[in-house]
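Please walk through this model with me, one side chain at a time.

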Amino acid sequence: MIDNLQFNVAQLMKDPVGSYRYVDVAADLRELIPDVELAEDAGPASITGRVRLMRTNQGVLAQGNLQGEAEVACARCLTGVRVDLDAQVEEVFVPTVDMATGRSIKPEEEDEALWIDEHHILDLTEVLRQDVLLELPAHVLCKEDCRGLCPECGTNLNEASCDCKPDIDPRWSSLTDLLKN
């Protein structure tokens, strides 16, 4: 369950420029980044931290450092590998409602993920999702010399050996005959 990633900033938007408050952020990575496959038998995967929300001329600046850990599958053998995450959040969110008049305004910011909605809710979900995706390594190995899985029977070659013989590409069969002689 994505815990607290949405914050009502109505009072902060009424405060003078430079005012700030701290909020505690916690998110379950399985819900935050469902398109990334975490290891099946992994324990809890979450990211937490403290974010400072500061009133600026444009809106609200969110700054913070969030830490967590996740277990992702090894690229060769699919065993779980623990990965530490350290996401830096620094974005300016802009309002869609003028606090003085209550009228809707069209923000100059094109990215709707950085808009404070009409109910004065600042949502960190998309920003944090992108930051976590950037933190996750693209290619994780359980160990440098991981032997992977047998392509024939699926045996984890780090734990056991198998009797499978690799299929020889028929285009190379003439070279195999030369080795026999």
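Glu-69 counts as partly exposed, at 34% relative accessibility. In this predicted model, Glu-69 is found in strand S4. Its side chain meets that of Arg-82 in a salt bridge, 3.4 Å from N to O. Glu-69 lies in strand S4 and Arg-82 in strand S5, so the pair ties together parts that are 13 residues apart in sequence. Arg-82 is also partly exposed, with a relative accessible area of 39%.

Arg-82 has another partner. The side chains of Glu-71 and Arg-82 form a salt bridge at 3.8 Å, N to O. Here too the link runs from strand S4 to strand S5, so it ties together parts 11 residues apart in sequence. Glu-71 is at 16% relative accessibility and therefore counts as buried, the limit being under 20%.

Glu-126 is partly exposed, with a relative accessible area of 27%. Arg-129 is partly exposed as well, at 23%.

The largest nonpolar core has 39 residues. Those with the most contacts inside it are Val-25, Leu-29, Ile-47, Leu-53, Leu-124 and Leu-128. Several helices and strands each supply at least two residues of this core, including helix H1 (10-14), strand S2 (20-28), strand S3 (46-55) and helix H3 (125-135). Which element gives the largest share? That is S5, with 6 residues.

Leaving aside residues up to four places away in sequence, Leu-29 touches Leu-38, Ala-45, Ser-46, Ile-47, Glu-69, Ala-70, Leu-85 and Val-132. Val-17 is another matter: Glu-69 and Val-17 are 52 residues apart in sequence and 35 Å apart in space, C-alpha to C-alpha.

Next, the aromatic rings. A search of the whole structure finds 1 aromatic pair. Tyr-20 and Tyr-22 form it, edge-to-face, with 5.7 Å centre to centre and 80 degrees between the planes. Tyr-20 is partly exposed, with a relative accessible area of 47%. Tyr-22 is partly exposed too, at 45%.

Then look at the surface. Ile-168, Trp-172, Leu-175 and Leu-178 make a nonpolar patch of about 460 Å². Leu-178 has its place in helix H4 (residues 173-180). Leu-178 is exposed, with a relative accessible area of 59%.

Finish with the backbone at two loop residues. Leu-78 is not a glycine, yet its phi is positive, near 70 degrees. Leu-78 is in the loop between S4 and S5. Is Leu-78 buried or exposed? Leu-78 is exposed, with a relative accessible area of 57%. His-120 also has a positive phi, about 65 degrees, although it is not a glycine. His-120 lies in the loop between strand S6 (115-116) and strand S7 (121-123). His-120 is buried, with a relative accessible area of 18%.

Notes. Residues are numbered from 1 along each chain as its sequence is written. Side-chain values use heavy atoms; hydrogens and water are left out. A nonpolar core is a set of buried Ala, Val, Leu, Ile, Met, Phe, Trp, Tyr and Cys residues joined through side-chain atoms within 4.5 Å. Buried means under 20% relative accessible area, exposed over 50%, partly exposed in between (1.4 Å probe, protein chains only). Helices (H or I, at least four residues) and strands (E, at least two) are DSSP runs, numbered from the N terminus. Contact means heavy atoms within 4.5 Å. Patches are made of residues with over 30% relative accessible area and no salt bridge: like charges are joined within 9 Å, nonpolar side chains (Val, Leu, Ile, Met, Phe, Trp, Tyr) within 5 Å. Accessible areas come from the Shrake-Rupley method with a 1.4 Å probe; for residues, only the protein chains shown count as cover. A salt bridge is a side-chain nitrogen of Lys or Arg within 4 Å of a carboxyl oxygen of Asp or Glu. Rings of Phe, Tyr and Trp (its six-membered ring) pair if their centres lie within 6.5 Å; planes under 30 degrees apart count as stacked, over 60 as edge-to-face and the rest as tilted.
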